[in-house]
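I opened a structure that was new to me and kept short notes.

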Amino acid sequence: MKVLVPVKRVVDFNVKVRVRPDGSGVDLANVKMSMNPFDEIAVEQAIRFKEQGKASEIVVVSVGPKETNETLRTALAMGADRGIHVLASGPVEPLAVAKILARIVGDEAPKLVIVGKQAIDDDCNQTGQMLAGLLRWPQATFASKADVSESTVTVTREIDGGLQTLALDLPAVVTCDLRLNEPRYASLPNIMKAKKKPIAETTPEALGVDIAPRLKISRTFEPPARSGGRKVASVAELAQLVRDHVGV
Ligand code: AMP
């Protein structure tokens, strides 16, 4: 079974992002970029399926500028088999990414697509759902446990008040949550081996997808600074403060 895993290059989760002084977005100059953490979990899951003999090939795909190649190499060093790089210089919105992925799914015919539940840069949480909608495939979002057989993927999801387990007919889209697994680090020999693994390049135009933005970002701004806390002398004073300031 072929598994497709889309991976996005995003600002590293340890970086404290700065808003550009003119409010036109986030400053990305000289900022460390990494694979979206949820996508590392998706790659890890695909590798585990392969190690269990349930997946035969793992194809990773990324839409982004030329540096995105590094993100694909990281996935290949973790254990994916080959990569597809869809070259796009500006931001690509979830609907356009989903359309690109749908075209690639058409060409590659995977049985399973494992997507991160959200990209930590824009926090959209849309691409996997849109992809499933475009393909008319079943979807299970926010997987915290997953198993796959010849014709079914079984997914446990954390929902309000408990766990829900779904069994989907393949082909299907699964989006993964933080607790699904702990991604491995790539070993040095595997990093070396990954240099020889193939990455095919294409473009949104070649795939026939219009990536022109449909959303306009009006302003980007820092959240208001938190005001300092203070100690109160008694419960009565606390109750008074809550009444006066929170309106409870
Ligand atoms: P989002 O809907 O933007 O929060 O992204 C959800 C998931 O879609 C990510 O975790 C990735 O698996 C995938 N994805 C989003 N953007 C891209 C991209 N540019 N290239 C590859 N995969 C992407």
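I sorted the lining of the second largest pocket by class and got nine nonpolar, four polar and six charged residues. In this sorting Ala, Val, Leu, Ile, Met, Phe, Trp, Tyr, Cys and Pro are nonpolar, Asp, Glu, Lys and Arg are charged, and the others, Gly among them, are polar.

The model is predicted, so local features need pLDDT of at least 70 and side-chain atom pairs pLDDT 80 or more, while totals for chains, interfaces and linings use all residues. Residues are numbered from 1 along each chain as its sequence is written, and side-chain values use heavy atoms, without hydrogens and water.

I looked up who lines this pocket and found 19 residues, with Ser34, Met35, Glu40, Thr74 and Tyr185 nearest its centre. Two or more lining residues come from each of β3 (33-35), α1 (37-51) and α2 (68-78). The largest share, four residues, is from α2. I noted a volume of about 460 Å³.

A pocket here is an open set of points on a 1 Å grid where a 1.4 Å probe fits, with protein on both sides within 12 Å along at least five of seven lines; lining residues have an atom within 4 Å of a point. Helices (H or I, at least four residues) and strands (E, at least two) are DSSP runs, numbered from the N terminus.

**Salt bridges.** How many salt bridges does the whole structure hold? My search gave 16. The cut-off is a side-chain nitrogen of Lys or Arg within 4 Å of a carboxyl oxygen of Asp or Glu.

I checked Asp81 and found it bridged to Lys50, with the closest N and O atoms 2.7 Å apart. Asp81 sits in the loop between α2 and β5 (82-87), and Lys50 lies in helix α1, 31 residues apart. Lys50 is partly exposed, at 29% relative accessibility. Buried means under 20% relative accessible area, exposed over 50%, and partly exposed in between (1.4 Å probe, protein chains only).

Next I took Arg82 and Glu57, whose closest N and O atoms are also 2.7 Å apart. Arg82 is in strand β5 and Glu57 in strand β4 (residues 57-64), so this bridge ties together parts 25 residues apart in sequence. Arg82 is partly exposed at 21%, and Glu57 is partly exposed at 23%.

Is Lys66 buried or exposed? Lys66 counts as exposed, at 61% relative accessibility. I also noted one network of salt bridges with shared partners, joining Lys2, Glu57, Arg82 and Glu108.

Key
Points joined across faces, edges and corners; volume = space filled by probe spheres on them.
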